[in-house]
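The following paragraphs lead through one protein model, from a single residue to the chain as a whole and back to local detail. Please keep the sequence and the structure in view while reading.

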Amino acid sequence: MTKTNNIAKSAAVSGTATPKGTVTIGDKTANVDDNGKWSILVENLRVGANPLTAVQNFNGAKVDEKPVTVTIVEGGTLVGIDQGPVGLQRGESEQVPMVVQNNEARSDVDGTVTVTAPENTTFTRQSTVQGSIRAVGSDEWSASDSVPLENGRVSTDGKTATFDVDWAGARPAGQQYRFLLDVTADEDAAAGAGQMDFVFSGDSSKGDFRAAGKTTTDLEVAQRDLTAEVDSIDHASGSAVLKGTATPNATIVVGDQSATANSDGEWTLEVTGLESGPNSLLVEHKIGEDTVDSKPITVTINSTAIVGQDGTPATLKRAETTKVETQFKTQGDVSRPDATVTFTAPEGTTFAEGQDTIQGAYKKPGEDWTNRSTTLTGGDLSMDGKTYTFTFKPTSSTWTLPDASLLRWSIDVETPANIADGSTSMTTKLVGTAVEGAFDTTSTTETTIESAETELEAEVESVDNEALTAKLVGTATKGSTVSVGTQSVDVTNDDGSWELTVSGLQYGENTLRVVQTIDGREVDDKRVTVQVDGVNRDFVVTTPENESEHKGEMVTFSGDGRAGEEVRVHVTNFASTDVTTKVGDNGRWSVQRWIGDGTYVIDVTQQNAANEITGERRGLVLNKPVDEAPVNKPFEVTSPESGEERRGEMVTWTGTGNAGDTVTFTPKGATQSAWSTVVNNKGDWKVDRWAGTGSYDIDVVMTNAADERTGGPVNILLNQDVNLDFAVTSPENNSDHKGELVTFEGNGNANEQVTLTVTNFESTPISTRVDRTGHWKIQKFLGTGAYTIDIVQTNVSTGAITGEERGMQFNQPSDEAPVNKPFEVTSPESGEEHRGEMVTWTGTGNAGDTVTFTPKGATQSAWSTVVNNKGDWKVDRWAGTGSYDIDVVMTNAADERTGGPVNILLNQNVDLPFALTSPENGADLRGQLVTFEGDGNANEEVTITVTNFESTPISTRVDTKGHWKLEKFLGTGAYTIDITQKNRTTGAITGELKGLQFNQPAN
């Protein structure tokens, strides 16, 4: 190997061989000259040892070969050694060392050194730089003139220095060479670390080389004066951004908050935790641990740019909508506010829906109110209707109010009819910022519930002893309801007068509690006493029928008589104990007696306290022997049918069989008792038995006198529980029900629990039980937001989940394009009757528009709903028993009418010509409870008065369809009757029938 080039990764290999022959190494071939010499340059060698083989050929034949190894060193064997750091001083020249190391003995070193100055420094021109030599590992340098850098030249900008190298002598391995170069730092050089880079490249006896390296430098910081000022203030958060200049990389400290100046000396620092008003701050300038400078600075936080004021007190009327005002005042100038306004309704009230925007007003000092530039937008009503949140952000860039200006807004508050009297308040919270400061303040407006209650007065006007009714009259608050138990009347007269016929009284002294309520809220009560005297009736035995058959059963003897007198049932055809009872105050009597299989001849008598007979029915025969032969019929249960529902009622069991055989009923329930009856001579049987609310599984069989089965068993199932597959049948999943009371219903296992839970926000779960028929129903109000709902059925005994429908979606945002349809009310139709029931209103319109329903009745509240994305709308609303005249309109977000009005009439009262339709005049109706009915004007009063003897008049109201009905018992005597109709408000007679005749003697 003649020479190695570590940089080019090549080597020159030479030697001797047979003249005129060839030598090959790899793919390189050389001719042997006449002197037997040859040379080959081998390229593309790798770092490390490269084994090569030189092959001699002569006349095309291989003669011999020799191995040779070439070793390539990465970067060569003359390498740079990094130095530093070396400290520099601004404006002064410092000697910065450059060191290279020779790792292989060589000679004839010839090359160039190029040096690059650190940033913000320059080289001083040096023609020759004498080197120093030391052995690797030694600490001492020795000056030498055998390794100089010569012909030094510096670039125009002083950033690069270039030298020539021509070292003729031999250089042993293991030596280091150092050269000191003069470097001068600029006067304004930035502090920090830098480096001087060098490249020493060339050729030598060991081939080319390239030694690269660096020497790091360090320039100390130059102290600068501190400056500080306020850049910006966030009044709402109580913070400010400070800025300024200082020594580069110095630390800026305010209290326990700090920042670092950048390399240009600029700094910013956000200072937090500032209090309202002036805040005196000290800005400190630190280098290391030393404070070298400081500046005081004041930051003023304005957190009360606007403050709340008391609004004008408001009186809230029940069942009406009232505007309630809130008011605020500026403290100093206020420009371009950006705020949230949150109204909270007075206790027991809610805000009216649809108030998406509210136009406010402002009042500058010394000026009148101006109704513009103060609009609240983006109204968001809470689900419970108790809070309404808006944005207050005027769009004008010049919007400004001076100090002591006033702001006000008014919002619609709905007051329920049943709210209690008292005083409360509406609060309004205003939170936000302005150019001059921030604000977080509350305005309070006192509200009072209007009291319009009249003390209840009540007295007994008349009593109908026979009908067990009493007519009460009095006064109360107009619009209230007066009730006795479950019987009531609405007070509609302007003077508050009312009357109520109370039924269901008991004979003797009745103490009645008369209650006045206003929309379900009890406000007053009075107690009145009604004396009902007993009734005397003609004595009669109505049951059992003469010559009827009642073998082996308890028989009820009943009839009419004189109140308080004794009725005796006496068997005359054999010795038997009498049974007795008293005639009730209503003139009715009843007593039970066991009747065996034999024949009974019975006298039934009535006697007074003096033991005088006042009524009798003698010779009543039961179980009379029959002359016909007994009849045998196929055994059958004709009623009830298996599968019927007969909960909590008397059940009459009937059927057929063999005369004289016994029919036995055996329930399979462990706590249910068996019973029996006997087939009569005609082959029929009948028995009454009370059925509870539980289920029954009953076997019915017939047996003869020898207890042998002659019919059945017939299995009868009553009141059976039904289990159905769990399902939610309505509403449909993914349907819209915004602002509606929604009925969730479906099927399930009888008596298990079904629970509805909202899963996408906090809401109280609602539960119910599946009824015995396998059906369930839950009602829940859905607001305008999106709902995700789980409905789960659980076994109440084990807690196990037996059915579920999870993730039901309602009121979800739609990805589909909104659909606009012509505005229409599709149900209900005008003129329909929906008294005291939930009415489903449906229709079509423009997607996103609001449909509003406004009744014209003074005490009836408006309501609204939103058209869904498909152009349909639906809302459920309870309709009372009164009449409704409703206008339905559609409006867009700008409150512009986009449809309607459509007028819908519901529950309209009907006035008919006054008439008696039943009974006919002149009819004979002796001893009967007679139904008088006819036509008239809706809600007017109809009164029946007996004119030929003293009798309590009875009254009723004409219903909304123009019909009326009264029941009166007519005795055996003649009756002359007047029937009149009068207007309850004016008292005017609006219809009459005089001198009607009933039970008149025949001509």
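Is Glu804 buried, partly exposed or exposed? With a relative accessible area of 42%, Glu804 is partly exposed; buried here means under 20% relative accessible area, exposed over 50%, and partly exposed in between, with a 1.4 Å probe and protein chains only. The model is a predicted one, in which local features need pLDDT of at least 70 and side-chain atom pairs count only at pLDDT 80 or more, while totals for chains, interfaces and linings use all residues. Residues are numbered from 1 along each chain as its sequence is written, and side-chain values use heavy atoms, with hydrogens and water left out.

The overall form of the chain comes next. The protein chain contains zero helices and 80 strands; helices (H or I, at least four residues) and strands (E, at least two) are DSSP runs numbered from the N terminus. Its radius of gyration is 57 Å, well over the 30 Å that the globule rule gives for 1003 residues, so the chain is more spread out than a compact globule. This radius is taken over C-alpha atoms, and the globule rule is 2.2 Å times the number of residues to the power 0.38. Along the principal axes, the C-alpha atoms of the protein chain fill a box of roughly 175 × 95 × 55 Å.

Of the 1003 residues in the protein chain, 41% count as buried. Among contacts with a separation of 6 or more, 61% are accounted for by residues 24 or more positions apart, where contact means heavy atoms within 4.5 Å.

Strands of a sheet pair through backbone hydrogen bonds, either parallel or antiparallel. An open sheet of three strands has the order β46-β47-β50, and its pairing is antiparallel. Its edge strands are β46 (536-543) and β50, each of which pairs on one side only. Neighbouring strands of this sheet are turned by 20 degrees against each other on average, direction ignored; the axes are lines fitted to C-alpha atoms, for helices over the stretch in contact, and angles run from 0 to 180 degrees between N-to-C directions.

Strand β47 (residues 553-562) pairs with β50 in the antiparallel sense over eight bridges; two strands pair if DSSP finds at least two bridges between them. Gln592 in β50 is the bridge partner of Thr556. Which residues form the covered face of strand β50 (residues 588-595)? They are Trp589, Val591, Arg593 and Ile595, whereas Arg588, Ser590, Gln592 and Trp594 form the uncovered face.

The structure holds 41 salt bridges, each being a side-chain nitrogen of Lys or Arg within 4 Å of a carboxyl oxygen of Asp or Glu. Elsewhere, salt bridges with shared partners join Glu645, Arg647, Asp721 and Arg772 into one network.

Another salt bridge brings together the side chains of Lys668 and Asp699, at 3.9 Å from N to O. This pair links distant parts of the chain, 31 residues apart: Lys668 lies in the loop between β55 (662-667) and β56 (675-678), and Asp699 lies in strand β58 (residues 696-703). Lys668 is exposed, with a relative accessible area of 52%, while Asp699 is partly exposed, at 25%.

The backbone itself deserves a final look. Most residues other than glycine have a negative phi, and most peptide bonds are trans. The peptide bond from Ser639 to Pro640 is cis, with omega near 0 degrees, and Pro640 lies in the loop between β53 (632-639) and β54 (649-658). A cis peptide bond also joins Ser827 and Pro828; Pro828 is found in the loop between β67 (820-827) and β68 (837-846).

Asn907 has a positive phi, near 55 degrees. Asn907 is placed in the loop between β73 (897-906) and β74 (911-918), and is buried, with a relative accessible area of 0%.
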